[in-house]
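Q: I am new to this structure and would like a close look at one part of it. Could you walk me through the salt bridges?

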Amino acid sequence: MIFPAIDLRAGQSVRLYQGDFKQATLINSDPVVQAQQINAAGLQQLHMVDLDGAKSGRPENLATITAIRQAFTGTIELGGGIRTYELATDYLKLGIDRLILGSVALTDPQLVKQLLSEFGGERIVIGLDGTNGYVAIKGWLEQSQTKMSTLMKTMTASGAKHFIVTDVARDGTMQGPNLALYQELQAQVPTANLIASGGVRNLTDVQVLQASGFKDVIIGKALAEGGVTLAELAGVTKC
């Protein structure tokens, strides 16, 4: 599946460069309209991140998230600061289809295990963000000493099925996805479904990823800069 991305900051859709909050580019001042445009193109999957929430650990863009959920027809996955059971269940009650748990998978694995046990691996997705194969946490502001592969194995044993893997060094750079990283992780955890995120430039990158076995791809900046269109992505989705 193709997941166009909407990253939220102060109620607007933005893109960061390598996760740097100081290097933010405004994509759309009305992300609800942006979500409706994605729907209108024939795409029914949406990847959303509450960037402010990723830093604070609180739902900073709740009103916008709620409005997008009401306006968008299809699957929405959401990440960014989901670090408590209460917030996770609130988002699920709101109608969010899949929650992306990132930092908390490392800092509070028992909570993630509880959510996986209660809601299953289709609704609870693990976000693995980092550099050089090591996990970054707290909105990418801190680098841990835990390998992505190690965390993947732990979470898989707890029932996780889907892992969004983002190479922070590639994210927002338009340098192409880190295919080698995905292949290395897939080889170590063959049962996991890896969702490619970061660096995708164009339709060719999407096709290379999918031909390499990575069917699920998240696309953000390439859409904003015209490297690929919603219509092109809709065409890939229908194939």
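A: A search of the whole structure finds 7 salt bridges, a salt bridge being a side-chain nitrogen of Lys or Arg within 4 Å of a carboxyl oxygen of Asp or Glu. This is a predicted model, where local features need pLDDT of at least 70, side-chain atom pairs count only at pLDDT 80 or more, and totals for chains, interfaces and linings use all residues. Residues are numbered from 1 along each chain as its sequence is written, and side-chain values use heavy atoms, with hydrogens and water left out.

Side chains of opposite charge can pair when their charged atoms come close. One of these pairs is R98 with E77, whose closest N and O atoms are 2.8 Å apart. R98 lies in strand 6 (residues 98-101) and E77 in strand 5 (residues 75-79), so the pair ties together parts that are 21 residues apart in sequence. Strands (E, at least two residues) and helices (H or I, at least four) are DSSP runs, numbered from the N terminus. R98 has 6% relative accessibility and counts as buried, and E77, at 0%, counts as buried too; buried means under 20% relative accessible area, exposed over 50%, partly exposed in between (1.4 Å probe, protein chains only).

Now look at E122 and K161, which form a salt bridge with the closest N and O atoms 3.9 Å apart. This pair links distant parts of the chain, 39 residues apart: E122 is in the loop between helix 6 (109-119) and strand 7 (124-131), and K161 in the loop between helix 7 (148-157) and strand 10 (162-167). E122 is partly exposed at 43%, and K161 is partly exposed at 42%.
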